[in-house]
Structures are given as structure tokens and as C-alpha cells.
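Visitor: Please take one part of this model and look at it closely. I would like the surroundings too, in short sentences.

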Amino acid sequence: MAIKSFQGIRSKEENKKKYNAPILVEDYMTKKLITFSPDQSILEVMETFAKHHISGGPVLDKNGFLVGIVSEADCMKQISESRYFNQPILDKSVERFMTKNVETVPHDMSIFDVAGVFDRHNRRRLPVMKNDILVGQISRKDVVVAALKLTSQSWK
């Protein structure tokens, strides 16, 4: 008795479907960012957070280079210290409270890899860089949205 193959007819290489799902950070990142400068007051930053319903943003120097990131958590430090020392919030600059050692991700990283970065580090957002220039920001929510848009075929 002969052995039968259950694989069926194999298609030629040129007939195979190419799947080009957008799975890179640059496909899902926020490109229009609200940025801050190191000399802005922390009060102005808090007002911007409330006005635009955001919880953080990149801090850029006068030349447009990333020098830090400021978040609601940084504002909490200021609020706490102002009460403890009985000082007003108005005169404190972003530079004093921002996170200076900023972890960034490249624009061409896959969303699966950036999900791993979020998993390993306690970050809500990551600046996205291309040739040492800030081109966007990706958040945990962006990664979740990207995962929901992918079909089951691209997960395997």
C-alpha cells in the first residue's frame, strides 16, 4: 500500500501571500506631542496636563533634543514638598523634578518588543527616537490598541 501525503499541492513562492501588518512602534506611536522645556514652571506643566488630559510628556532643550521626561508622579513630588516646606508651587522649574535618565525606544522596534520593555520597567510612556531625534511617544495603551488590531495569523 502506498503512503499518501495529506499536505496537498504546494504553492509556488510567487503565489504566496505576503503579510505586511503594521507591527512597528512608528505605526502606533503618537506623533503630535505636547512638549515641555526645562525652565517651565511645574505649575504650568500641571495646568497643561489638566487642560490636555495627559499624564506626562517629553522635556526638550532649546535645540529640540530630549533632556528628560516629566510626569504626574514628578508633580506629586512637588506638591508633597511644597506642603512639607510650606512653599508655593509657582517658582519651581521642570528641570528640578523631571526624570533625566530617560529610557527611549527606536522607531523601528516591534510592538512585541516594546511590550517587553513596558513589562520589565515601570513606565507608562516611552519616547521614540530616530537618529537621536524625538519623533514620537508610545504608551502602554498604544501597544494594547496595536495588539487588538492584529489578526490571529500575525501572532503566530
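Guide: Histidine 107 sits in the loop between strand 3 (105–106) and helix 5. The model is a predicted one. The relative accessible area of histidine 107 is 16%. The cut-off for buried is under 20%, so histidine 107 counts as buried.

Next, its partners. The side chain of histidine 107 makes a polar contact with the side chain of glutamate 26, at 2.6 Å. Leaving aside residues up to four places away in sequence, histidine 107 touches Leu24, Val25, Glu26, Val128, Met129, Lys130 and Val135.

Now to helix 6, residues 140–149. Asp142, Val143 and Ala146 are buried there. These residues lie on the same side of helix 6, because they cover an arc of only 100° around the axis. An α-helix has 3.6 residues a turn, so residues three or four places apart point the same way. The other side of helix 6 carries Lys141, Val144 and Leu148, which are exposed. What do the buried residues of helix 6 pack against? They pack against helix 1 (25–28), helix 5 (111–120) and strand 5 (133–139).

Last, the largest pocket. Its space is about 310 Å³. The lining has 16 residues. Nearest the centre lie Ser71, Asn122, Arg123, Arg124 and Arg125. Strand 2 (66–71), helix 3 (72–85) and strand 4 (125–130) each give two or more residues to this lining. By type, the lining divides into five nonpolar, five polar and six charged residues.

Methods:
Residues are numbered from 1 along each chain as its sequence is written. This is a predicted model: local features need pLDDT of at least 70, side-chain atom pairs count only at pLDDT 80 or more; totals for chains, interfaces and linings use all residues. Side-chain values use heavy atoms; hydrogens and water are left out. Buried means under 20% relative accessible area, exposed over 50%, partly exposed in between (1.4 Å probe, protein chains only). Helices (H or I, at least four residues) and strands (E, at least two) are DSSP runs, numbered from the N terminus. The arc is that of the directions from the helix axis to the C-beta atoms. Contact means heavy atoms within 4.5 Å. A polar contact is a pair of N or O atoms within 3.5 Å; within protein, one must be able to donate a hydrogen and the other to accept it, and residues adjacent in sequence count only if both atoms are side-chain atoms. On a 1 Å grid over the protein atoms alone, a cavity is a set of points where a 1.4 Å probe fits but cannot get out, and a pocket is an open set with protein on both sides within 12 Å along at least five of seven lines; lining residues have an atom within 4 Å of a point. Grid points are joined across faces, edges and corners, and a volume is the space filled by probe spheres set on the points. Ala, Val, Leu, Ile, Met, Phe, Trp, Tyr, Cys and Pro count as nonpolar, Asp, Glu, Lys and Arg as charged, and the others, Gly among them, as polar.
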